[in-house]
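Work through the exercises below with the sequence and the model side by side. Try each task before reading its solution.

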Amino acid sequence: MAELERRTLLKGSVGVAALGASAAALKWGFNTPDRKQNPADCQAKDVSATDKRLIFSNWPEYIDEDDKKYVSTLTQFEKDTGIKVDYTADVNDNNEFFAKVANQLGSCSSSKRDLFALTDWMAAKMIQVGWIQKLDASKVPNLHANIIDSLKSPGWDKKREYSAPWQSGLTGIAYNKKKVGEVKSFSELLTRKDLKGRVTLLTEMRDTMGFMLLLEGADPSNFTDAQWQKAMERLKKADGDGQFRAFTGNDYVQDLASGNVLAAEAWSGDIANAGDDNLVWIPPEEGIMIWADNMLIPNLATHKDNAEEWINYYYEPEVGAKLANYNSYICPVKGAQEAMEKVNPENVHNELIFPTEKTLSQTHGFMALDEAKSRTYEGDFSSVTAS
């Protein structure tokens, strides 16, 4: 069976539960005084020394699995450390996961997790409101020694004191070459008549609107309200013209393979893992959006030391190479490309795992937003995607 990917969303283009979660996340906000915490005042006793367990929530199909003689990185970690990992793939969407844990974390109660992985913008918000514990740098030396330069100092956690990238990825275009001719640009997704009604865009606002801003000649990492409004108008027009089949999570992969969708905004690892030679992922002419999912230790985690041991383990080059070989996302670990020689020589120069400086120079992140601005922009975007 073809492997799925880390951004699996609820079935359907935008499920009722996902919409409810998004609305709840926007309603609750992050800056209300009763929900903001001081991580130092919201700690639990760490029982790692006597209770060798770790509870980790991650995205679906985002880690390698045991297979015949193949020993997964998780199983090897358990063997090496004696720590039993309760690994759950219950992060289906950033806003949906926020809805699961907001009441607990916002009131300094336990989320019953020691570690979870969230995309940059949500990780930044949780850190800003004090829901995340600071990492002990002495216990994660591999993180600081081996994190790749492009991920080393994000604006929201410049010293990586609270977060550690699990994997990173690129957002671009995919098309079914058996069903349609080459699609080179995001502009074509919005305007080509032969694609009308058979295009999907992503429900992840920062990915999709990043491209809309690029089409306006704006920088997604630093744009104005006026540029945002022009980008929204472009999206609304294409939607009103019937260009899009749906706004989706990973559902586009199946539709793209069947031919129901001819071209789509797509995450790099999805297409690499689809197991279909007819599906092609390319960087759009306008540029590429880049993101990372980050491991975070929430307040009141009771196995913090064990979580830090896990983070340190996954920043060993050999481990990073094994994981990236499985899911084909950008590996955040220096030395993993050399280690890939032994894991799978065919992937040593795979740009979806180890992008070149030239590729990285084409990437764009999305501007950090305060809570009020985030609510406004998310509302604008959902007025189109939820219609």
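**Exercise 1. A salt bridge and its surroundings**

Is Glu-188 buried or exposed, and at what relative accessibility?

Solution. The model is predicted, so local features need pLDDT of at least 70, side-chain atom pairs count only at pLDDT 80 or more, and totals for chains, interfaces and linings use all residues. Residues are numbered from 1 along each chain as its sequence is written, and side-chain values use heavy atoms, with hydrogens and water left out.

Step 1. Recall the cut-offs: buried means under 20% relative accessible area, exposed over 50%, and partly exposed in between, with a 1.4 Å probe and protein chains only. Glu-188 has 17% relative accessibility, so it counts as buried.

Step 2. Look for a partner. The side chain of Glu-188 meets that of Arg-192 in a salt bridge, at 2.7 Å from N to O. The term stands for a side-chain nitrogen of Lys or Arg within 4 Å of a carboxyl oxygen of Asp or Glu. Arg-192 also counts as buried, because its relative accessibility is 17%.

**Exercise 2. Two further salt bridges**

Describe the pairs Arg-245 with Asp-255 and Lys-84 with Glu-78.

Solution. Step 1. In the salt bridge of Arg-245 with Asp-255, the closest N and O atoms are 3.8 Å apart. This pair links distant parts of the chain, 10 residues apart: Arg-245 belongs to strand β6 (residues 244-248) and Asp-255 to helix α9 (residues 252-258). Here helices (H or I, at least four residues) and strands (E, at least two) are DSSP runs, numbered from the N terminus.

Step 2. Arg-245 is partly exposed at 42% relative accessibility, and Asp-255 is partly exposed at 22%. As for networks, salt bridges that share partners join Glu-188, Arg-192 and Asp-194 into one.

Step 3. Lys-84 and Glu-78 form a salt bridge of 3.9 Å, N to O. Lys-84 is exposed, at 53%, whereas Glu-78 is buried, at 19%. The whole structure has 15 salt bridges.

**Exercise 3. Two helices in contact**

At what angle do α7 and α8 pack?

Solution. Step 1. Helix α7 (residues 205-215) packs on helix α8 (residues 225-240) at about 100°, and the axes are 9 Å apart. Axes are lines fitted to C-alpha atoms, for helices over the stretch in contact, and angles run from 0 to 180 degrees between N-to-C directions. The helices are therefore roughly perpendicular, a label for angles of 65 to 115 degrees.

Step 2. List residues in contact (heavy atoms within 4.5 Å). From α7 they include Met-209 and Leu-213, and from α8 they include Trp-228 and Leu-235. By class, this contact has nine nonpolar, two polar and one charged residues.

**Exercise 4. The faces of a helix**

Which residues of α13 are buried, and which are exposed on the other side?

Solution. Step 1. In helix α13 (residues 336-343), the buried residues are Ala-336, Ala-339 and Met-340. Seen down the axis, they fall within an arc of 115°, so they line one face of the helix.

Step 2. Glu-338 and Lys-342 are exposed on the other side of α13. The cover over the buried residues of α13 includes α12 (317-327).

**Exercise 5. A buried loop residue**

Where is Ile-147?

Solution. Ile-147 sits in the loop between α5 (141-146) and β4 (163-176). With a relative accessible area of 3%, Ile-147 is buried. Ile-147 and Lys-334 are 187 residues apart in sequence, and 5.8 Å apart in space, C-alpha to C-alpha.

Definitions and conventions: Angles under 35 degrees count as roughly parallel, over 145 as roughly antiparallel, 65 to 115 as roughly perpendicular and the rest as oblique. Ala, Val, Leu, Ile, Met, Phe, Trp, Tyr, Cys and Pro count as nonpolar, Asp, Glu, Lys and Arg as charged, and the others, Gly among them, as polar. The arc is that of the directions from the helix axis to the C-beta atoms.
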